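Hi everyone, thanks for coming.

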Amino acid sequence: MSYGRAPRRRFTLLAATAVAGALVLSACGGGTKAGGGGNTNFVTGSGGVSTVAKGERTDAPELDGTTLDGKALDITDYKGKVVVLNFWGSWCGPCRAEAKHFQKVSQETEDQGVQFVGINTRDPQKSLAVSFEEDFGVTYPSIYDPTGKLLLRFPKGTLNPQAIPSTVVVDRDGKLAARTLAALDAQKLRKMIDPLIAEK
């Protein structure tokens with residue numbers, strides 16, 4: 001008899017929704033706490049940017065999907081470039097504040113071998129994310145990830161995105177090199193990626 005199963009199923013769904021909602025609400029405040037614990041190789045500077053020395057970096061996880069304009073994208077296609085991954089949502093105030101800065105720096109660094117890729121997460125309708133990019137003139141691609149599955153591909157104890165917005169930078173060898181869990185302006189973003197541009 002299945003009479004008692006529906007409430008239990010409904011409770012499980014509500015609990016999962018609450019957990020996801022708690023992540024969104026706690027994350028979008030722009031905090032700078034770095035997690036990881038254990039034997040992590042990264043160091044967090046006073047500006048809230050965590051970095052890993054070149055010889056101690058781990059491989060970036062597989063990050064692929066369909067962009068907001070319907071094209072397939074895999075970040076391994078950009079190996080040999082510095083890849084700036086920005087995790088954002090149209091519902092997130094700090095994401096709106098940093099969008100123009102990311103667009104500006106993406107244009108400034110394009111000729112220096114830097115590729116920006118957005119990861120749009122927890123937007124239930126793609127049209128909301130598309131409107132966000134149009135409003136802020138964002139021209140680099142964003143993968144549409146409404147369920148947040150790409151965030152879960154980062155192993156714990158690495159430079160994993162733990163908040164929205166988060167920015168993770170992948171070096172030219174496809175390894176995780178830097179991360180921040182706070183919104184950035186153009187100056188802070190350049191300070192984060194310029195050392196990686198300079199690496200040989």
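**A walk through the chain**

Let's begin with a loop: Pro-165 sits in the stretch between β7, residues 142–145, and β8, residues 166–170. And before I go on, please keep in mind that this is a predicted model.

So what kind of peptide bond joins Ile-164 and Pro-165? It's a cis one, with omega at about 5°. If you're new to this, the background is that most peptide bonds are trans, and most residues other than glycine have a negative phi.

Arg-122 isn't a glycine, yet its phi is positive, about 60°. You'll find Arg-122 between β6, which covers 114–121, and α3.

Okay, let's step back to the whole chain. We've got 4 helices and 9 strands here. If you follow along the sequence, the order goes α-β-β-β-β-β-α-β-α-β-β-β-α. The chain has 200 residues, and 43% of them count as buried. Now take the contacts with a separation of 6 or more: 71% of them come from residues 24 or more positions apart.

Next, a pair of helices. How do α2 and α3 meet? Helix α2 is residues 93–109 and helix α3 is residues 126–136, and their axes come within 9 Å, crossing at roughly 45°. An angle like that makes α2 oblique to α3. As for the handedness, α2 passes α3 in a right-handed crossing.

Which residues make that contact? On the α2 side it's Cys-95, Arg-96 and Ala-99, and on the α3 side it's Phe-132, Asp-135 and Phe-136. Sort those by class and you get 4 nonpolar residues, 2 charged ones and no polar ones.

Are they buried or exposed? The cut-off for buried is under 20% relative accessible area. Cys-92 has a value of 0%, so it is buried. Cys-95 comes out at 2%, so Cys-95 is buried as well. And how many disulfides does the structure hold? The count is 0.

Key:
Residues are numbered from 1 along each chain as its sequence is written. This is a predicted model: local features need pLDDT of at least 70, side-chain atom pairs count only at pLDDT 80 or more; totals for chains, interfaces and linings use all residues. Side-chain values use heavy atoms; hydrogens and water are left out. A disulfide is a pair of cysteine sulfur atoms within 2.5 Å. Buried means under 20% relative accessible area, exposed over 50%, partly exposed in between (1.4 Å probe, protein chains only). Axes are lines fitted to C-alpha atoms, for helices over the stretch in contact, and angles run from 0 to 180 degrees between N-to-C directions. Helices (H or I, at least four residues) and strands (E, at least two) are DSSP runs, numbered from the N terminus. Angles under 35 degrees count as roughly parallel, over 145 as roughly antiparallel, 65 to 115 as roughly perpendicular and the rest as oblique. A crossing is left-handed if the near helix is turned anticlockwise from the far one by less than a right angle, and right-handed if clockwise. Contact means heavy atoms within 4.5 Å. Ala, Val, Leu, Ile, Met, Phe, Trp, Tyr, Cys and Pro count as nonpolar, Asp, Glu, Lys and Arg as charged, and the others, Gly among them, as polar.
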